[in-house]
Amino acid sequence: PDQWIGYVLYGYEIRSVLGRGGMGYVLLAEKNGKQFAMKVMKKEYRMDEFLYEVAKMQEISKGSRNMVRILANFIDENWTDYYGSPPAIVMEYMAGGDLRRILADEEYSSLRHSVRWGEVVSLIYSQIAEAVIHLHKQGYVHADIKPSNILFDRALSKYGEEAEQQLLKGDVIPRLSDFGSSIRIGSPVIHYTPYYAHPKQRFGGKAETSMDVYSFVVSLYVT
């Protein structure tokens, strides 16, 4: 993915690589002075599984403030030049990073050991629950809920009381991200993270809302 740095994709200038995942790469992109996250799908990823769903998720993501908004998608199932015009999704850039970093980084140790940590966790997950409920009402399952898919629009304070107030006042908003794995209820589950996945996902079960409930609770447990 480093080859796209400095390159312009679909009118967005690529600044850096934010992350690498099983399905693709997340790039920091800029357009008209604003920053965005662009997810470029890997070359081997089957676009026919994804074409319809990404357009639907773009619409659904408008309905909850606790879902990372999908702003645009550039997917041509007849693409021939992967590097010049790769299949990509443009999303809100979440400057505060993900929950996994807060759970692992030494700089957040004081927050994790704060007497207010329980309240902070409660505020984060109650808002993520709203996003999951919204998704389920639209007939979809996320299928990959985990701490690295819980993002923050701004940096969360490293101190318990401050972090709690940020979340209460809406100064920092947690949002559920990565809807590339989302799938209509009743459809076969294709992508998942084994540690967080319901056993039915790992053994070929069709998508149901209980899978998200399981992953949500596992994520809460490890937090």
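1. Helices here are DSSP runs of H or I with at least four residues, strands are DSSP runs of E with at least two, and both are numbered from the N terminus. On that basis Glu106 lies in the loop between α2 (99-104) and α3. The structure is a predicted model, in which local features need pLDDT of at least 70, side-chain atom pairs count only at pLDDT 80 or more, and totals for chains, interfaces and linings use all residues. Residues are numbered from 1 along each chain as its sequence is written, and side-chain values use heavy atoms, with hydrogens and water left out.

2. Overall fold. The chain contains seven helices and 10 strands. Its radius of gyration, taken over C-alpha atoms, is 17 Å, close to the 17 Å that the globule rule (2.2 Å times the number of residues to the power 0.38) gives for 223 residues, so the chain is as compact as a globular protein of that length. The C-alpha trace spans about 55 × 45 × 30 Å along its principal axes.

3. Of the 223 residues in the chain, 49% are buried; buried means under 20% relative accessible area, exposed over 50%, and partly exposed in between, with a 1.4 Å probe and protein chains only. Contact means heavy atoms within 4.5 Å. Among contacts between residues at least 6 apart in sequence, 58% join residues at least 24 apart.

4. Surface and charge. The accessible surface of the chain comes to about 10800 Å², and 49% of that surface belongs to carbon and sulfur atoms. The chain carries 26 positive and 27 negative side chains, and the centres of the two sets lie 2 Å apart. In this count Lys and Arg are positive and Asp and Glu negative, while His and the chain ends are not counted.

5. Helix α5. In α5 (residues 160-169), the buried residues are Gly160, Ala163, Glu164, Gln166 and Leu167. They cover an arc of only 160 degrees around the axis, which puts them on the same side of α5; the arc is that of the directions from the helix axis to the C-beta atoms. An α-helix has 3.6 residues a turn, so residues three or four places apart point the same way. The cover over the buried residues of α5 includes α3 (109-112), α4 (117-137) and β9 (174-176). Glu161, Leu168 and Lys169 are exposed on the face turned away from the buried side. Just after α5, Gly170 takes a positive phi of about 80 degrees.

6. Two non-glycine residues with positive phi. Most residues other than glycine have a negative phi. Asn32, although not a glycine, has a positive phi of about 55 degrees; Asn32 sits in the loop between β3 (24-31) and β4 (34-41) and is exposed, with a relative accessible area of 73%. Ala143, also not a glycine, has a positive phi of about 75 degrees. Ala143 lies in the loop between β7 (140-141) and β8 (150-152) and counts as buried at 2% relative accessibility.

7. Glu106 and Val132. Glu106 counts as exposed at 65% relative accessibility. Glu106 and Glu119 are 13 residues apart in sequence and 20 Å apart in space, C-alpha to C-alpha. Val132, in helix α4, counts as buried at 8% relative accessibility. Leaving aside neighbours within four places in sequence, Val132 is in contact with Ile145, Leu176 and Asp212. Val132 and Phe216 are 84 residues apart in sequence, with 9.0 Å between their C-alpha atoms.

Definitions and conventions: Accessible areas come from the Shrake-Rupley method with a 1.4 Å probe; for residues, only the protein chains shown count as cover. The place of a charge is taken as NZ of Lys, CZ of Arg, CG of Asp or CD of Glu.
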